[in-house]
Amino acid sequence: MIKILLIVVAIGIFSCINATKDNAISTKEKINNNLQKATIPENVKAIFDKSCIACHSNAGNMAKMHVNFDKIYTNSYSPKTMSKKLKNINRVITRDIMPSKRYLKKFPDKALTDKDKKLVSDWINSELKKYNK
Ligand code: HEC
């Protein structure tokens with residue numbers, strides 16, 4: 001009888017521990033998601049997804065050495081590197097260097113509109129203020 005009681009108590013304690021673990025994980029995920037959203041707005045991310053991600057992501061080729069948007073989205077660059085990457089992105093976008101002309105000939109719908117460029121540029125400029133504090 002005591003044995004059964006012990007088993008029941010043990011199961012009870014075990015499921016409590018597991019429930020606490022699950023809660024801890026989901027809270028952490030929530031915080032991470034919020035940080036990501038606060039860092040990069042959906043409308044800016046949509047532009048990178050449309051015009052840059054094909055080459056500049058984990059799945060991409062050499063281009064990801066220059067900029068990897070998977071790392072930008074997940075905030076995986078150090079603050080110093082991130083600020084350099086953002087400045088570079090701003091430069092290639094405002095000077096129409098990226099996406100390359102050759103690529104745009106094949107995929108004209110990937111071109112950034114003036115509105116896209118302004119959205120990205122405004123976001124980068126406000127983001128850079130955080131890094132230059
Ligand atoms: C078709 C593939 C492709 C697409 C699409 C593309 N890139 Fe690139 N990008 C490259 C390659 C390849 C390089 C490295 C070679 C070079 O400099 O031309 C590069 C280099 C860069 C660099 C570093 C260049 C420098 O002078 O420091 C930046 C920044 C960059 N890309 C940003 C972007 C952004 C932002 C977009 C979207 C608006 C984009 N790229 C779209 C292929 C691409």
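Asp96 is placed in the loop between H5 and H6, where helices (H or I, at least four residues) and strands (E, at least two) are DSSP runs numbered from the N terminus. The model is a predicted one, in which local features need pLDDT of at least 70, side-chain atom pairs count only at pLDDT 80 or more, and totals for chains, interfaces and linings use all residues. Residues are numbered from 1 along each chain as its sequence is written. Although Asp96 is not a glycine, its phi is positive, at about 55°. Most residues other than glycine have a negative phi, and most peptide bonds are trans. Because Asp96 has 13 C-beta neighbours inside 10 Å, it counts as partly exposed; a residue is buried if 20 or more other C-beta atoms lie within 10 Å of its own, exposed if 12 or fewer, and partly exposed in between, with C-beta atoms placed from the backbone.

The loop between H5 and helix H6 (101-106) also holds Pro99. Met98 and Pro99 are joined by a cis peptide bond, with omega at about -10°. A positive phi in a residue other than glycine is found at Asn75 as well, where the value is near 60°. Asn75 belongs to the loop between helix H4 (69-73) and H5, and it counts as partly exposed, having 14 C-beta neighbours inside 10 Å.

Helix H5 (residues 79-94) and helix H7 (residues 114-131) have axes that come within 10 Å and cross at roughly 155°. Here axes are lines fitted to C-alpha atoms, for helices over the stretch in contact, and angles run from 0 to 180 degrees between N-to-C directions. H5 and H7 are therefore roughly antiparallel to each other, given that angles under 35 degrees count as roughly parallel, over 145 as roughly antiparallel, 65 to 115 as roughly perpendicular and the rest as oblique. The crossing of H5 past H7 is left-handed, the term used if the near helix is turned anticlockwise from the far one by less than a right angle, with right-handed used if clockwise. On the H5 side, the residues that meet H7 include Met82, Ser83, Leu86 and Ile89, while those of H7 include Val120, Ile124, Leu128 and Tyr131. By class, nine nonpolar, four polar and two charged residues make up the contact of H5 with H7; Ala, Val, Leu, Ile, Met, Phe, Trp, Tyr, Cys and Pro count as nonpolar, Asp, Glu, Lys and Arg as charged, and the others, Gly among them, as polar.

Ser83 lies in helix H5 and is partly exposed, with 17 other C-beta atoms within 10 Å. Neighbours within four places in sequence left aside, Ser83 is in contact (C-beta atoms, placed from the backbone, within 7 Å) with Leu128 and Tyr131. Ser83 and Tyr131 stand 48 residues apart in sequence, and their C-alpha atoms are 6.4 Å apart in space.

Around the ligand there are 17 residues, of which Cys52, Cys55, Ala63, Asn88 and Met98 come nearest; a residue is near a molecule or strand if its C-beta atom, placed from the backbone, lies within 6 Å of it. Helix H3 (63-66) and H5 are the elements giving two or more residues to this shell. H5 gives the most, with four residues. The shell comprises 13 nonpolar, four polar and no charged residues.

The protein chain has seven helices and zero strands. Of its 133 residues, 14% count as buried.

Technical notes. Two residues are in contact if their C-beta atoms, placed from the backbone, lie within 7 Å.
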